[in-house]
Amino acid sequence: MASCCQYYVPAYLRWAGTFRIKTNRPELFLTFDDGPSPKATSFVLDTLQQVDAKATFFVSGKNTEQYPELFNRIKNEGHTIGNHGYTHLNGLKTDTKTYIDNINQGHKIVQSPLFRPPYGKMKIAQYFKLRKQFNIVFWTIMSRDFDTTTTWQQDFEIIKSHLAKGIIIVFHDTPKAEKKLKNLLPAIIKYGMEQNFSFQCLPESYTKPLSR
Ligand SMILES: [Zn+2]
């Protein structure tokens, strides 16, 4: 697939973890990283709720401690939670013990079998340790919602051109991404529904690879 897919993930990890869900149904898997944050997460939840769409939120443990009501709202509305670390460490720049401790600190708070490494990066030793504990989920398409050098319309065209059964798309429910997300997310949901896709959350499972 095009270079936007597996965007950022180092080549040696491209055989590892889940990049796409095996499904015969027309389902898309929206994921939101780095939250919760008050305005962006509320916007995402309101938007999903309007069309009864489900998604997965790879939350920061630290932000979850800060905004427990948003974390509870995500869960109460039937979405899946994933662990994204206590803070947003880059595994390649962090020694393995510090990195694993940070992921476990996040796990104590968010309690999910799913883990997505911040930046999609980690050392191979970190991967082998974490895969014993977690189902490691990457993505099929990284939206550029955080990127101020592209427009939301350009991001939308890239995502549209890759829509297919079982793809996992990354967004960010953060203040930085919020501006583009306000247009991008409703546009993708509308287009996906017109193409008869439904929006599902990832199964909260240790099964490797994830399938439905
Ligand atoms: Zn992240």
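Which residue just after helix 1 takes a positive phi? I looked it up: aspartate 52 does, with a phi of about 55 degrees.

**Ground rules.** I am working from a predicted model, in which local features need pLDDT of at least 70, side-chain atom pairs count only at pLDDT 80 or more, and totals for chains, interfaces and linings use all residues. Residues are numbered from 1 along each chain as its sequence is written. For elements I use DSSP runs, numbered from the N terminus: helices are H or I with at least four residues, and strands are E with at least two.

**Strand 1.** I began with residues 27–33, which form strand 1. Six of its seven residues are buried (20 or more other C-beta atoms within 10 Å of a residue's own; exposed is 12 or fewer, partly exposed is in between, and C-beta atoms are placed from the backbone). I then listed its pairings (two strands pair if DSSP finds at least two bridges between them):

- Strand 7 (residues 168–172) runs parallel to strand 1, with five bridges. Leucine 30 stands opposite isoleucine 169, and phenylalanine 32 has phenylalanine 171 as its bridge partner.
- Strand 8 (residues 198–199) is also parallel to strand 1, with two bridges. Serine 198 is the bridge partner of glutamate 27.
- Strand 2 (residues 56–59) pairs with strand 1 in the parallel sense over three bridges. Aspartate 33 has phenylalanine 58 as its bridge partner.

From strand 1 the chain passes through helix 1 (residues 38–50) to strand 2, in a right-handed β-α-β crossover (with the strands pointing away from the viewer, the path from the first strand over the helix to the second runs clockwise).

**Helix 1.** I checked its length: 13 residues span 18 Å from first C-alpha to last, close to the expected 18 Å (1.5 Å times one less than the number of residues). Ala40, Thr41, Val44, Leu45 and Leu48 are its buried residues. Why do I say that they line one face? Down the axis of helix 1 the buried residues fall within an arc of 125 degrees, so they line one face of the helix (the arc is that of the directions from the helix axis to the C-beta atoms). An α-helix has 3.6 residues a turn, so residues three or four places apart point the same way. Lys39, Asp46, Gln49 and Gln50 are exposed, on the face turned away from the buried side. I also noted what the buried residues pack against: strand 1, helix 3 (68–76) and helix 7 (175–194) (contact is C-beta atoms, placed from the backbone, within 7 Å).

**Strand 7.** I found all five residues buried, with Ile168, Val170 and His172 on one side and Ile169 and Phe171 on the other. Strand 6 (residues 141–142) pairs with strand 7 in the parallel sense over two bridges, and isoleucine 141 stands opposite isoleucine 169. Strand 6, helix 6 (residues 152–162) and strand 7 make a right-handed β-α-β unit.

Most residues other than glycine have a negative phi, and most peptide bonds are trans. I searched for departures.

- Glycine 35 and proline 36 are joined by a cis peptide bond, with omega about -5 degrees. Proline 36 is in the loop between strand 1 and helix 1.
- Aspartate 34 is in the loop between strand 1 and helix 1. Its phi is positive, about 80 degrees, and aspartate 34 is buried, with 25 other C-beta atoms within 10 Å.
- Tyrosine 119 has a positive phi of about 65 degrees. Tyrosine 119 lies between strand 4 (114–115) and helix 5 (124–130) and counts as partly exposed, with 16 C-beta neighbours inside 10 Å.

Technical notes
Contact = placed C-beta atoms within 7 Å.
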